[in-house]
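Here is a colleague's note to read alongside the model.

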Amino acid sequence: MNTVAQMALVAAVGSALGLAANALSPHPAVLQQPVLSAAESGGGACAMPASDVVSRSTSAPPPWRPVRIGVDEAKGLCTACLAGFVDARGPHEFAHGHIQNAVHLPAAGHPDEAAVIAQLRTYALVVVYDGDYSCAVADDVAGRLRRAGLPDVRVLQGAWPAWVAAQGPSAAGMCGACGAEAFGK
Amino acid sequence: MKLLARAARIILGALFLWASVTKVPDMAAFAESVANYRIVPPSLVPVVAAAVVGVEIAAGVALMLNLWARAAALLLAGLLAVFTVGLASALGRGIDLACGCFGGTDAATWWTVLRDVVLLGLALGVAASSRPDPARAP
């Protein structure tokens with residue numbers, strides 16, 4: 001048997017083995033169900049936590065939670081300069097690429113945070129994003145901005161991958177205030 | 001030289017066997033990792049994810065037992081080439097994704113790409129050093 005035939009046989013046996021392993025897995029992939037990438041999955045990426053639904057049904061005022069904003073709406077606001085954008089990722093990720101005119105405000109803090117917040121106050125709406133589908137870092141930073149008194153802070157649904165996938169306006173380059181320090185220069 | 005080739009074959013086989021074993025407990029998570037590369041149509045992702053794991057198992061076992069080692073190594077080289085191109089393409093586009101390589105959720109970096117390139121070289125080396133030998137075929 002030649003090598004190509006052997007490869008085909010190993011691939012066929014392997015595929016059958018894989019399907020068997022999937023059937024035996026405690027958390028199998030559902031074969032009939034399409035799996036979308038996190039950036040394409042509106043429900044899976046930065047979705048409103050299920051606990052929000054519960055908190056709305058109680059009589060006590062619910063604690064503030066970052067409201068999500070869809071990437072299409074955010075793109076429109078970005079193009080029209082109607083919202084301030086905050087990048088909550090690390091300095092290297094920010095330098096590699098970020099939403100156009102976004103300010104860098106990582107979870108660890110910013111050397112000139114008061115000035116950044118003052119700049120953001122000029123916008124009626126501020127959109128925070130990070131690079132992870134869970135949006136945990138963006139949620140933290142959004143909470144910080146909210147506590148600083150910004151009236152309308154939202155978190156970008158789908159995070160940076162969704163923005164890239166939607167081909168939103170972006171730029172590259174390090175953060176002016178913290179770049180040199182963060183890059184050890 | 002023969003000893004080195006044998007060691008490379010066994011290491012490559014063990015590595016892929018280990019990689020596949022770490023994925024089996026949560027195949028759904030691995031399917032999500034595959035989807036995040038955005039190179040497979042969503043409807044095919046679960047089947048492709050299962051097939052990838054199975055091919056890793058079959059090729060890993062074949063390499064360790066020295067059965068059709070050349071074919072197994074070439075198959076793994078093909079998988080590694082796809083992984084490497086997919087990862088590099090995603091990182092180049094600024095997509096933040098988990099590699100899904102060893103069942104973990106660690107973010108992929110350019111180091112992951114470099115590791116895949118090294119493994120690709122190893123797989124091609126194993127394929128080159130394993131002569132097709134019909135007499136050995138089971």
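**Notes on the predicted two-chain model**

1. Start where the chains meet. H1(A) passes H3(B) in a right-handed crossing (a crossing is left-handed if the near helix is turned anticlockwise from the far one by less than a right angle, and right-handed if clockwise). Here H1(A) is helix H1 (3-24) of chain A, and H3(B) is helix H3 (residues 45-65) of chain B. Helices (H or I, at least four residues) and strands (E, at least two) are DSSP runs, numbered from the N terminus.

2. A word on conventions. This is a predicted model: local features need pLDDT of at least 70, side-chain atom pairs count only at pLDDT 80 or more, and totals for chains, interfaces and linings use all residues. Residues are numbered from 1 along each chain as its sequence is written, while chains are lettered from A and ligands numbered from 1 in the order in which they are written.

3. Now the geometry of that crossing. The axes of H1(A) and H3(B) come within 6 Å and cross at roughly 120 degrees. Axes are lines fitted to C-alpha atoms, for helices over the stretch in contact, and angles run from 0 to 180 degrees between N-to-C directions. The two helices are therefore oblique to each other. The classes are these: under 35 degrees is roughly parallel, over 145 roughly antiparallel, 65 to 115 roughly perpendicular and the rest oblique.

4. Which residues of H1(A) and H3(B) make the contact? From H1(A), they include Val10(A), Gly14(A), Leu17(A) and Ala21(A). From H3(B), they include Ala51(B), Gly54(B), Val55(B) and Ala58(B). Two residues are in contact if their C-beta atoms, placed from the backbone, lie within 7 Å. Ala, Val, Leu, Ile, Met, Phe, Trp, Tyr, Cys and Pro count as nonpolar, Asp, Glu, Lys and Arg as charged, and the others, Gly among them, as polar.

5. Step back to the whole interface. Chain A contributes 35 residues and chain B contributes 40 residues. On the side of chain A that touches chain B, H1(A) gives the most, with 14 residues. That side has 21 nonpolar, 13 polar and 1 charged residues.

6. Check the confidence. The model scores ipTM 0.83 and pTM 0.55. Chain B averages a pLDDT of 85, and 88% of the residues score at least 70; pLDDT is the predictor's confidence in each residue, from 0 to 100. Within chain B, helix H2 (residues 27-37) is lowest, at a mean of 82, and H3(B) is highest, at 94.

7. Chain B has 5 helices and 0 strands. Of its 138 residues, 46% count as buried. A residue is buried if 20 or more other C-beta atoms lie within 10 Å of its own, exposed if 12 or fewer, and partly exposed in between, with C-beta atoms placed from the backbone. Among contacts between residues at least 6 apart in sequence, 68% join residues at least 24 apart.

8. H3(B) also packs inside its own chain. H2(B) and H3(B) meet at an angle of about 110 degrees, with their axes 9 Å apart. That makes H2(B) roughly perpendicular to H3(B). Among the residues in this contact are Phe30(B) and Val34(B) of H2(B), with Val48(B) and Val53(B) of H3(B). The tally is 11 nonpolar, no polar and no charged residues.

9. Two buried residues deserve a look. Ala73(B) sits in helix H4 (residues 69-92) of chain B and counts as buried, with 28 C-beta neighbours inside 10 Å. Beyond its neighbours within four places in sequence, Ala73(B) touches residues including Leu12(B), Leu63(B) and Val126(B). Ile69(A) is in strand E1 (residues 67-69) of chain A. Its C-alpha atom is separated by 5.6 Å from that of Gln157(A), 88 residues apart along the chain.

10. Finally, check two backbone angles. Most residues other than glycine have a negative phi. Trp68(B) has a positive phi, near 50 degrees, and lies in the loop between H3 and H4 of chain B. Gln167(A) has a positive phi of about 55 degrees. Gln167(A) counts as exposed, with 8.
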